[in-house]
Structures are given as C-alpha cells and as structure tokens.
Amino acid sequence: MADPRFETGRNPSAKELWEAERVLQLHPEQQRTHPSALSADPEKLLHINTYGCVPDFYVDQPFICRGCGKQEIWKARNQKWYYEEAKGHTDAKAVECNSCRTQKKSV
Ligand SMILES: [Zn+2]
C-alpha cells in the first residue's frame with residue numbers, strides 16, 4: 001500500500017480542479033455542506049489543539065506542485081488521515097505532486 005499521508009488527487013480533471021477552486025472561495029458554512037467536505041474529529045486533534053486553530057472540517061485543497069508546477073488536489077480524506085491518524089501539524093500542507101514525491105523516495 002502506498003503511504004497515504006500526502007496522497008493527492010492524481011491527474012485531476014479540469015472539472016475537479018475547477019470545482020475544488022470554487023469551493024475554496026465559498027463561505028465556510030457553504031464549504032461544510034459541500035459533498036466533498038469531511039467533518040473533523042476534535043478528539044483526534046488534541047495534539048494541535050494547543051495552537052488554537054483546530055479545523056472542524058476538511059475540503060479538497062488544490063495546490064501547485066513546487067517541484068514541477070503540476071496542479072493536483074489534496075483530498076479531504078487524505079487531510080483527515082494526515083491530521084487525525086498521522087498526527088500531522090496543521091502547518092503542514094501538500095506541496096509536491098505524487099510523481100515528484102515518488103522520484104525523491106526512489107533516489
Ligand atoms: Zn511535481
């Protein structure tokens with residue numbers, strides 16, 4: 001199994017990217033009710049609670065790979081896994097696409 005920590009939406013379609021970008025512009029209350037939104041489990045976010053900014057839901061995050069400039073989507077479910085199961089820090093964001101990370105690992 002691939003490490004799902006920063007698994008991102010591989011080769012997202014233009015429609016997926018467009019929708020993800022659109023959702024980011026919405027009011028948080030509208031984001032929360034979007035089909036791609038996942039609610040957060042505060043019980044599992046105690047490790048970042050001290051920073052005072054615990055997310056209460058996740059939405060797909062489009063980003064530009066800093067390695068090759070490709071656009072991908074960091075899926076809500078992967079963010080949830082990363083923050084809640086892998087106990088990642090909220091400052092951590094996906095910055096590289098799958099192929100760039102795979103290349104680094106194999107070096
Ligand atoms: Zn890349």
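Helix α1 (residues 14–25) consists of twelve residues and spans 17 Å from its first C-alpha to its last, close to the 16 Å expected at 1.5 Å a residue, where the expected span is 1.5 Å times one less than the number of residues in the helix. Helices here are DSSP runs of H or I with at least four residues, strands are runs of E with at least two, and both are numbered from the N terminus. Of the twelve residues of α1, the number buried is one, so this helix lies largely in the open. A residue counts as buried if 20 or more other C-beta atoms lie within 10 Å of its own, as exposed if 12 or fewer do, and as partly exposed in between, with the C-beta atoms placed from the backbone.

The structure is a predicted model, in which local features need pLDDT of at least 70 and side-chain atom pairs count only at pLDDT 80 or more, whereas totals for chains, interfaces and linings use all residues. Residues are numbered from 1 along each chain as its sequence is written. The predictor's confidence in each residue is given by pLDDT, on a scale from 0 to 100; its mean over the chain is 85, and 87% of the residues reach 70 or more. Among the elements of the chain, the lowest mean pLDDT, 79, belongs to helix α3 (residues 46–49), and the highest, 95, belongs to β1. Where pLDDT is low, the predicted coordinates should not be read in detail.

The chain contains five helices and four strands, which follow one another from the N terminus in the order α-α-β-α-β-β-β-α-α. Of its 107 residues, 21% count as buried. Two residues are taken to be in contact if their C-beta atoms, placed from the backbone, lie within 7 Å, and among contacts between residues at least 6 apart in sequence, 64% join residues at least 24 apart.

In helix α4 (residues 76–85), the residues A76, N78, Q79, Y82 and Y83 are buried. They cover an arc of only 160° around the axis, which puts them on the same side of α4; the arc is that of the directions from the helix axis to the C-beta atoms. The cover over the buried residues of α4 includes β1 (38–39), β2 (57–58), β3 (61–64) and β4 (71–74). Two of these strands, β3 and β4, pair in the antiparallel sense over four bridges, pairing being assigned if DSSP finds at least two bridges between the strands. P62 has I73 in β4 as its bridge partner, and in the hairpin of β3 and β4, which has six residues between the strands, G69 adopts a positive phi near 80°.

The loop between α4 and α5 (98–106) holds K87, which comes just after α4 and has a positive phi of about 55°, a positive value in a residue other than glycine. K87 is exposed, with 12 other C-beta atoms within 10 Å. The loop between α4 and α5 is also the place of A92, a partly exposed residue with 13 other C-beta atoms within 10 Å. A92 and Y82 lie ten residues apart in sequence, and their C-alpha atoms are 9.3 Å apart in space.

In the loop between α2 (28–32) and β1, T33 is exposed, with 9 other C-beta atoms within 10 Å. The C-alpha atoms of T33 and F57 are separated by 9.7 Å, although the two residues are 24 residues apart along the chain.
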